[in-house]
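Me: I would like to learn how to read a structure like this one, step by step. Could you show it to me before we start?

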Amino acid sequence: MVGVSAADRSVVVIGGGPGGYEAALGAAQLGAEVTVVERSGLGGAAVLTDCVPSKALIATADFMDRFSAAKHIGVHFDGAHVPGDQGVTAHITDVNARILELARAQSRDIAERLESAGVEVVQGAGRLVGPGRVEVVVGVAGVASGEEPAPHGGDLTDGGGSQELEADVVLIATGARPRVMDTAVPDGERILTWQQIWDLEELPEHLIVIGSGVTGAELAHAYLGLGCAVTLISSRDRVLPGEDADAANVVEEVFRRRGMTVLNRSRAGAVRRDGDSVVVTLEDGREVSGSHALLAVGSIPNTTDLGLEEAGIAVSRSGHIEVDRVSRTNVPGVYAAGDCTGVFPLASVAAMQGRIAVAHALGDAVAPLSLGRVSSNIFTDPEIATVGASQADIDEGRVDARAVMLPLTKNPRAKMQNVSDGFVKLFARSGSHTIVGGVVVGPRASELIFPIALAVANRLNVDQFSSTFTVYPSMSGSLAEAARQLHEIAD
Ligand SMILES: Cc1cc2nc3c(=O)[nH]c(=O)nc-3n(C[C@H](O)[C@H](O)[C@H](O)COP(=O)(O)OP(=O)(O)OC[C@H]3O[C@@H](n4cnc5c(N)ncnc54)[C@H](O)[C@@H]3O)c2cc1C
Ligand SMILES: NC(=O)c1ccc[n+]([C@@H]2O[C@H](COP(=O)([O-])OP(=O)(O)OC[C@H]3O[C@@H](n4cnc5c(N)ncnc54)[C@H](O)[C@@H]3O)[C@@H](O)[C@H]2O)c1
């Protein structure tokens, strides 16, 4: 229920990404007076440069992949051509124009939602200047209204003065930005961060992606699908080092089979322009040349110039704002959410942290953030979706559970759809047989993970899971089968 005093309270949110705008909507719903301060565009990096544009790009790449896969299910383009054969090509200016319009439209939708909820939006850069006081250096571009958001999350144009806001509660949700290397300075033309690729007017002939975390792997997959030659530079033994090893191995094998060059145990030391080419020098002295280089070497939090030190707000060595499970900082009345906290850099987690923050601050009922229930997905082909406990948790003794992994090659629906790469993996606690996590690698794994997420959140056991009807034939049949097999072994 709404706290009695919520209607009399004011909330200022710095940052209009998922952590900020979801919190603002939540606070307005509880009756508070809410202001969002956004220096660039509503929706944040998530909507304007990162999550939404990358998934839209991947949608085009996946569409193109279907042309080359068609022959395996008996479809031939008589008289036409397919990618790899020439003829079907991605026009990158059209692709990027669609992506940017889609991002702008989503930003406008958010502006409308905020407006109809009664949230005031101020365009400008916010910083704390005292307890409950936020100074805003006001911008003039009008992007916070969602009218014409800066497509690349660009910074404020020349200031239009400053104003001070007072609030009972301040939420900081300022996100993060791409990390760049001193020896690989982006020029926006050929040496690029992922926030700069939406301006490309030609498809890279040969793209070198530096970093094989989720961002690097997804974008390497996207540009390979669009028809570019791609080299992926991975500093570790395999791509996606933080993910389930079986899943990462499947994706790496598919990357190589489709013609991507993957350089493992290869750390980029520097990138330089050489006319219309780029040269990446690896730390062991080897050189890799291409037409473009994309830096995907992680992010750094936007936490400087926020007045954090003066306010006494604890920040970790990495620059992230320290918060507890209800998003409180160490200073009363100041909360933080999203990538600036580094808790788990996902749009879904940012939104949840933001909603939890305002619910807690305004006295509504709230459950602390539970990372054990977060589902996430890597939008490669096949996709990798995960939830709950991981194989590493089991192997390293943190969770006492058993695993069953079933390859999709045995699944009838997968055979019909010519899907040969992927698997489902389910983890159940020894003794209780409660489902504690899972991994799905396959087409639309992002959708197929939901039943496992439901099972984890509701502590279902393998018998409850496997006795639920699945459609025949369906990929989810393999999930039920994995649960059935766990019944036998999870004691
Ligand atoms: C390439 C890529 C793809 C991704 N794909 C996914 C995905 O598919 N699914 C998923 O869940 N997550 C994805 N993520 C992660 C997701 O984008 C982030 O977790 C999410 O953006 C975090 O939201 P946020 O609100 O914390 O920050 P942001 O979205 O970065 O928003 C922060 C906002 O604060 C504003 N701001 C900063 N400083 C100030 C200031 N002083 N005053 C006013 N405003 C300020 C910024 O302009 C920005 O608009 C992806 C990330 C990357 C890099
Ligand atoms: N689909 C999604 O939900 C999605 C997509 C992208 C990002 N994200 C979120 O963002 C987080 C961060 O992902 P990320 O990939 O941007 O960053 P990351 O920090 O996870 O990965 C960066 C990688 O670059 C490597 N690296 C660093 N310096 C290097 C160098 N000089 N040469 C070669 N490799 C180098 C690192 O070892 C690391 O593996 C993810 O964990 C995820 O939470 C989510």
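Me: How many nonpolar, polar and charged residues does the shell around ligand 2 have?

Reply: This is a predicted model, in which local features need pLDDT of at least 70, side-chain atom pairs count only at pLDDT 80 or more, and totals for chains, interfaces and linings use all residues. Residues are numbered from 1 along each chain as its sequence is written, while chains are lettered from A and ligands numbered from 1 in the order in which they are written. As for classes, Ala, Val, Leu, Ile, Met, Phe, Trp, Tyr, Cys and Pro count as nonpolar, Asp, Glu, Lys and Arg as charged, and the others, Gly among them, as polar. Here the shell around ligand 2 has 11 nonpolar, 10 polar and three charged residues.

Me: Which residues come nearest to ligand 2?

Reply: A residue is near a molecule if its C-beta atom, placed from the backbone, lies within 6 Å of it. Of the 24 residues around ligand 2, the nearest are Gly211, Gly213, Thr215, Ser235 and Gly298.

Me: Is Asp339 buried or exposed?

Reply: A residue is buried if 20 or more other C-beta atoms, placed from the backbone, lie within 10 Å of its own, exposed if 12 or fewer, and partly exposed in between. Asp339 has 32 such neighbours inside 10 Å, so this residue counts as buried; Gly126 is also buried, with 27 other C-beta atoms within 10 Å.

Me: What does Asp339 touch, not counting residues up to four places away in sequence?

Reply: Two residues are in contact if their C-beta atoms, placed from the backbone, lie within 7 Å. On that basis Asp339 touches Gly175, Ala176, Ser299, Pro301, Pro345 and Ala350.
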